[in-house]
Amino acid sequence: MRDLTTLFCQVSSISVLMSPLSIWKRAGLSCASHPKSFDFLTIMASRNLWNVSSNILFGSRCWIIQFSAEIFLKTASFRPFGVKCDNKNGKSLKNKDLLNNLLTLGVDIDKAKKRQPGVFNRMETNEQTLKIFLLSKGARKEVIASIISRYPRAITRTLESLSKRWELWRTIMTSDLEIVNILERSPESFFRSNNNLNLENNIKYLLSVGLTRDCLCRLLTNAPRTFSNTLDLNKQMIEFLQEVSLSLGHNEPIDFVQKIISKNPFILIQSTKRVKTNIEFLQSTFNLNKEELLLLICGRGALLLDLSNDYVKRNYTNIKEKLFSLGCTNEEVQKFVLSYPDAIFLSYKKFNDKIDCLIEEKISISQIIKSAQVLDSSISTLKSRIKQLVNAGYNLSTSNILLLSWSQKRYKAKLKKLGG
């Protein structure tokens, strides 16, 4: 060891054009005394000699091997100049292979890089594994390309992780095709997390509190982030909703939770603070007793519970101001919102524009309050139908205006009867 130390300390740099044997003799060592070290030196000298012949980029006479006595003694390894460059070259080759694979799949590379650029810096990706796996589940190549384009992190998942997650999803969904359809619509829902244990625990818990598989299927279809929540977060919301049920005199908390989630599957991905604030706002704003509040939030009012409280207050204030300007009383405003809570979803502009559109056609505000569902239709639909009905001789100011929000099929049948 002392002789080797002498070699690497005294000879700080050695031209790669010298033979390994010359280097060894210069240090006063024999090949027989250190055969493995001599073999290693032979290999490294050959490698660097190749570098000399293949790379004259830096214009130097030759490459220099730099020996580190400390590193050699501690790790018995060589660190030749240029190892970082080799790593970069390896990474570059890997990146080139990845891009070629993704292009072959039809992936939109630009979109993918904008979404999750870090994926393209990884040394390990499993795009081919993902492709074969999804094809085996019935996904088309176009769907696979779309999934990776929108959520490139999908190619980092292993076959083992993919198989386990799919197996867990199949405990809820009835077919592979249903899962493929969810992935096509929202790839993040499946690939966002690879914590399969957390997913399994969430499924077991939600079933244990009385939610049916149909309810879980609805959650997975509409709000899949529910299953990426920590188990504690889902427990907090379920327990909170059960407490609300009991506080309002509803003695079947499981039934209450099912009703809320069936109406609003997004509630489990919101905080209990937000939901509590919205419930308190509805109760205080409309002076509801327990029975009235229970009826509201178990019905269409459930859709409001996951909204931002500021958003709810702002839109309700706009509704009041607009209806007050048209001569409505506070009682009429409250009656309107309670019968049609969806009005709170409408922004300032959309709500005002729809009301103005109807008023301009001689439809009274009392008609609108009585048939608030007409606001479900878009401005363009309202305008085109009003024009068609007027041309057909239909008097909107004295007749039922609900047909403005009917389905296209039902509306066309009515228009045909009118001779429009």
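This is a predicted model: local features need pLDDT of at least 70, side-chain atom pairs count only at pLDDT 80 or more; totals for chains, interfaces and linings use all residues.
Helix α12 spans residues 196-208 and comprises 13 residues, and the distance from its first C-alpha to its last is 18 Å, close to the 18 Å expected at 1.5 Å a residue. Within α12, the residues Asn196, Asn198, Leu199, Asn202, Ile203, Tyr205 and Leu206 are buried. The buried residues of this helix pack against three other helices, namely α9 (159-170), α13 (213-222) and α14 (231-247). Just after α12, the backbone at Gly210 adopts a positive phi of about 100°.

With regard to the cysteines, the structure holds zero disulfides. For Cys217, the closest cysteine sulfur is that of Cys215, and because the two sulfur atoms are 9.8 Å apart, whereas a disulfide is assigned to a pair within 2.5 Å, the separation is too far for a bond.

Eight aromatic pairs are found in the structure. In one of them, the rings of Phe281 and Tyr316 have centres 6.1 Å apart and planes at 80°, so that the pair is classed as edge-to-face. Since Phe281 belongs to helix α16 (residues 272-285) and Tyr316 to helix α18 (residues 309-325), this pair ties together parts that are 35 residues apart in sequence. Both partners, Phe281 and Tyr316, are buried. Elsewhere, Phe133, Trp166, Trp169, Phe190 and Phe191 are linked by ring pairs into a cluster.

Arg385 lies over the face of Tyr411, where the corresponding distance from the ring centre is 4.1 Å.

A further residue considered here is Gln116, which is located in the loop between α6 (109-115) and α7 (127-136). Although Gln116 lies in a loop, its relative accessible area is 12%, and as this value falls under the 20% limit, Gln116 is buried. When its neighbours within four places in sequence are left aside, Gln116 is in contact with Tyr151, Pro152 and Arg153.

Conventions. Residues are numbered from 1 along each chain as its sequence is written. Side-chain values use heavy atoms; hydrogens and water are left out. Helices (H or I, at least four residues) and strands (E, at least two) are DSSP runs, numbered from the N terminus. The expected span of a helix is 1.5 Å times one less than its number of residues. Buried means under 20% relative accessible area, exposed over 50%, partly exposed in between (1.4 Å probe, protein chains only). Contact means heavy atoms within 4.5 Å. Rings of Phe, Tyr and Trp (its six-membered ring) pair if their centres lie within 6.5 Å; planes under 30 degrees apart count as stacked, over 60 as edge-to-face and the rest as tilted. A charge sits over a ring if NZ of Lys or CZ of Arg is within 6 Å of the ring centre and within 35 degrees of the ring normal.
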